[in-house]
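Please keep the sequence and the structure in view while reading.

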Amino acid sequence: MPAGQVLSAAITLCRVGVPKGWITGADDPRPARADEVVRHLLADDATREIKDQVWRHIVGQVRDDTENREDWNLYALGVAAQGLLSRAARLAMPDDPAKRAIAAQYTLIHAFLERMQATVTTAAGTRWRLDIDRPNVYSRLLGGAYDHASGRTEHRRKQLTRRPDETATEHQARIARLREEEPREIPMGGVAELNAYHGKHHNEPNPGGMDAAIARLQEFVAQSARMPPADRIDPTSAELLRRTYLNGEPLGQVAADLNMSPSNASKRRATAVRQLRRLIARQIPNERPPS
């Protein structure tokens, strides 16, 4: 698959990289290989500060080091390969043929590269679209690339554009509603797949549906504790899934109860959905409907 090939190419071909000393803790200015950086960033003790330091350096070099830009682009894709692969899987439907799944990866890779160097021109001047001085550089970079590749960015632009039949007051009221409302639909990997698993692998009847889904979610959370760090669903994220997708509570209210911003809660929930889908996929192999 393209994302895996990109990581292999970055390991063998790139002559650039973040200083190895950032990874080992020693005074070593040699460039660290992309796979070394990936392992370090996925470690339990990797802080947000070191993640931002790595990605600020990478994006800054992509923008400034024109002589080695191709190497830096490849290096960035190598370090981001796991995230790109995960997000691309969401772009391609579960039953899409292999060619469409690969095309989704290429689409996301292109959007990722473009996002690092995209600029915005306003009356105040031209600035980078991705502000690397703000925290969570990588998640904003990957999230923005996914939004563009999935069409969310264009859809949102159309939503915010004033319609021909709207007055200015009606337009402002609609924009206010859009910003307050949270999506309530249940994603793939939610109640449907939890209940499907329960029905296929448990002998007892499942009349309650929702109670069974909640119980199964708790089982998956417990199972994830034995998985690698990237696959572990923490209790807070599990509560976000349960209360918003299963109980139907507004995300904003749940976020406030958990002392986090709606944006952070949304990202935590999206990560938990991906982790949950991977757990379900491991335990329900080859159960796709026949083509």
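Helix H3 (residues 34–42) is largely enclosed by the rest of the structure, because seven of its nine residues are buried. The buried residues of H3 are Ala34, Asp35, Glu36, Val37, Val38, His40 and Leu41. Buried here means a relative accessible area under 20%. The model is a predicted one, and what is said below applies to that model.

For the chain as a whole, the secondary structure comes to 15 helices and two strands. Of its 291 residues, 40% count as buried. The accessible surface is about 16700 Å², and carbon and sulfur atoms hold 52% of that area. Among contacts with a separation of 6 or more, 61% are between residues 24 or more positions apart.

The next step is a pair of helices. Two packed helices are described by the angle between their axes and by the distance between those axes. For helix H6 (residues 81–91) and helix H8 (residues 137–150), the axes come within 11 Å and cross at roughly 25 degrees. H6 is therefore roughly parallel to H8, since angles under 35 degrees count as roughly parallel. The crossing in which H6 passes H8 is right-handed. On the H6 side, the contact is made by Gly83, Leu84, Arg87, Arg90 and Leu91. H8 contributes Tyr138, Leu142, Gly143, Tyr146, Ala149 and Ser150. By class, the residues of this contact divide into six nonpolar, three polar and two charged.

Is Asn136 buried, partly exposed or exposed? Its relative accessible area is 30%, so Asn136 counts as partly exposed.

Asn259 is placed in the loop between helix H14 (251–257) and helix H15 (262–283). Asn259 counts as exposed because its relative accessibility is 72%, and the cut-off for exposed is over 50%.

Conventions
Residues numbered from 1 in each chain as written. Predicted model: local features only at pLDDT ≥ 70, side-chain atom pairs only at ≥ 80, totals over all residues. Heavy atoms only, no water. Axes fitted to C-alpha atoms, helices over the stretch in contact; angles between N-to-C directions. Helix = DSSP H or I, 4+ residues; strand = E, 2+ residues; numbered from the N terminus. Parallel < 35°, antiparallel > 145°, perpendicular 65-115°, else oblique. Left-handed = near helix turned anticlockwise from the far one by under 90°. Contact = heavy atoms within 4.5 Å. Nonpolar A, V, L, I, M, F, W, Y, C, P; charged D, E, K, R; others polar. Buried < 20%, exposed > 50% of the residue type's maximum accessible area, 1.4 Å probe, protein only. Areas by Shrake-Rupley, 256 points an atom, 1.4 Å probe, with all protein chains shown as cover.
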